Amino acid sequence: MKKYQLLLIVFISLNLYSQKNLYTPIEFQKAYKSNTRSVAGKPGNHYWQNFSSYTIKAAIEPGTWKIKGSEVIEYANNSPDTLIAIYIKLYPNHYKKGVPRANLVPVEDLTDGVHITNLKINNTAFNDNKSSQITVLGTYIIVHLENGILPKSKALISMDWTTEMPPIHVDRIGAYDSSSAFVGYWYPQIARYDDIDGWDMMEFMGSQETNNDFSDFNVTIEVPDTYTIWATGILQNPEAVFTPEVLQRFNTAKTTEEPITILTGGTPINSAKGTKNEWHFKAEYVPDFAFGVSNTFRWIGNTVTIENNRIASNLVFDPSKADAVSYLINAQKKSFEYLCMVYPKEMYPYPQFTTFIGVPGFNGMEFPMMANNGVSDKDFENTDVTFHELAHSYFPFLMGINEVKYSWMEEGWATFFTIKFIQEYYKNTPKEDAELNRNLNSYNANAGNIWDVPLITPSYLLTFSSAHSQLSYRKPAFMYFTLEHLLGEEIFKSCLKTYIERWKGKHPTPYDFMFTFNDVSNTNLNWFWNKWVFENGYGDLGIVKFENSKVYIQNFGGLPLPVFLKLTYKNGKQVSIEKKVSIWMNNDENIAEIEILDIDNLIEIKLIDTNYPDAVKKNNLFKL
């Protein structure tokens, strides 16, 4: 064994030891030993990830929402492994009759799934009737190769296919009327192969989202000539699909910060010619491609400029909702500014973004450069969902998060950023803490249930929607708030910035996140990670007694949280005491003793829980 190899093994062993008491599964240990990742939270010298380039031609039929497509994929195997099979995700099979699902789907949405023909890999044709060649599962197929794809080589994959979108909107996609729909999870897609799990073999159950490689897309979509398409990527042929008047307004919107109504929408237009247009889009280095289509929706657009970066901002909606949503084009501008300049203080990574408002109800779903949102009767909730889905441009898209396993690594950040943005957007108004309180109330109502499991629990196991919401959104958001309070905003932001710089355009895991914060803060936070990420626990502090000038706080839920006390005296004087979350470090009994220096005329001690979880509030007040 060479000397440098021995030193590397010793270094890895020592660093793994320094992370003692932090549970590390076998597949992660292998990654550290192979140096694809490091225990300092950095990509290892041997880090790799695979890449695809998609050329897709498709035609969609409004009304029936049938799609006929063909695609050619150049797949780069950058791994050190010879791939003896290719896994192809068929997300539209979520609606196929007989496929297992974790969510409710209307009977009207059930289809025959994706039908693939003319499948070729490196000019070898595959017949789906040959079971030895193709294994058919629910939402993916496995194509077994006689000649594997060698390391550091490419494969050319081509196929034709047909499918159809749900005629009734379900969750993230579907039709909203006979002429408007949002189309996502719609094309055969190469599954992700990585250094942790190998092939992603998880069925798409509807309760989780996706886990994709970064890819380039060259997509052409054919629709009747009265329809407009808004999509991931940049439109390549505006002159061919817009009338001269629309083209002029489209170009004006790309040069001004004043909102421009590009299309007024309204009554469906019937084509006198009966012809079709081909809309051509290109997108680089994104994990997915989606689009919205309508011949009735209104389109407002403008340009947001931040530090010489120009972002095309679009808002698309049913004109009947104009009174409720038109202001969101300005809220979207404020969202860009906050994300780029405050949190996470990283420039928006794409040239454009479109909020497509089609969902019948208050909901939202992110796609690269796109969001498919609904409408609430509360304006702060509409502002909230607009910002939240835009925030996903960073997590999971810029940071290639595996949403199937670690949804808390992206939904938690989006929730954290959203709470802060709403506080800033509605500052000094009654709505300032509306989003904070909404999340606190939801967390507290569900805290401590048997399904309130550790964050490290793979998200694909959380098929119960309340568990998914608790573990993906609420709990991690309050973990980030607690960590910010512990480290201080300056160090916390430095850790977050470094985490983004190290892992943008790559695929971080929870360990990469935790080890980066340990490394940059120069603090062993493993006690904190153990409590918040790896153990059962929930937020619940309470005052249990007061004696000998000390107040005793018990951590009933076991989740470490900062302590805020308000002391009230007979003369009306009030004193605040604040203790960082580190008060629970090395505290096996979960009892914190806090000394009160001035007890003369003290009449009341109150535990303040306005900013952090507290499942049981009846033990927060102690009267003397």
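1. Salt bridges. A search of the whole structure, which is a predicted model, finds 27 salt bridges, each being a side-chain nitrogen of Lys or Arg within 4 Å of a carboxyl oxygen of Asp or Glu. One of them joins the side chains of glutamate 346 and lysine 497, with 2.8 Å from N to O. Because glutamate 346 lies in the loop between helix H6 (328-341) and strand S22 (352-359), and lysine 497 in helix H12 (residues 489-503), the pair ties together parts that are 151 residues apart in sequence. Helices (H or I, at least four residues) and strands (E, at least two) are DSSP runs numbered from the N terminus.

2. Basis and confidence. Residues are numbered from 1 along each chain as its sequence is written, and side-chain values use heavy atoms, with hydrogens and water left out. As the model is predicted, local features need pLDDT of at least 70 and side-chain atom pairs count only at pLDDT 80 or more, while totals for chains, interfaces and linings use all residues. The protein averages a pLDDT of 93, and 95% of the residues score at least 70, where pLDDT is the predictor's confidence in each residue, from 0 to 100. Over residues 1-19, however, the pLDDT is below 50, and this stretch has 13 contacts in the model beyond near neighbours in sequence, a contact being heavy atoms within 4.5 Å. Where pLDDT is low, the predicted coordinates should not be read in detail.

3. The eight-stranded sheet. Eight strands form an open sheet of mixed pairing, in the order S5-S4-S8-S2-S1-S14-S18-S16; two strands pair if DSSP finds at least two bridges between them. Strand S5 (124-126) and strand S16 (234-235) stand at the edges with a single partner strand each, so one side of each is left without a neighbour in the sheet. Within this sheet, strand S4 (residues 115-121) and strand S8 (residues 153-164) run antiparallel and are joined by five bridges, and isoleucine 116 stands opposite tryptophan 161 in S8. Strand S4 also holds asparagine 118, a residue with a positive phi of about 55° although it is not a glycine.

4. The four-stranded sheet. A further open sheet has four strands in the order S9-S10-S19-S15, with antiparallel pairing. Its edges are strand S9 (174-177) and strand S15 (228-231), each with a single partner strand, so one side of each is left without a neighbour in the sheet. Neighbouring strands here are turned by 15° against each other on average, direction ignored. S9 is joined by three bridges to strand S10 (residues 180-183), and the two run antiparallel; the bridge partner of alanine 175 is alanine 181 in S10.

5. Packing of H9 and H11. Helix H9 (residues 408-425) and helix H11 (residues 465-487) pack at an angle of about 65°, with their axes 7 Å apart; axes are lines fitted to C-alpha atoms, for helices over the stretch in contact, and angles run from 0 to 180 degrees between N-to-C directions. The residues that meet include Trp408, Trp413 and Phe416 in H9 and Leu471, Tyr480 and Phe481 in H11. By class, this contact has 12 nonpolar, three polar and three charged residues.

6. Cis peptide bonds. The peptide bond from tyrosine 343 to proline 344 is cis, with omega near 0°, and proline 344 is placed in the loop between H6 and S22. Phenylalanine 395 and proline 396 are also joined by a cis peptide bond, with omega about 25°, and proline 396 is in helix H8 (residues 393-398).

Methods: Nonpolar A, V, L, I, M, F, W, Y, C, P; charged D, E, K, R; others polar.
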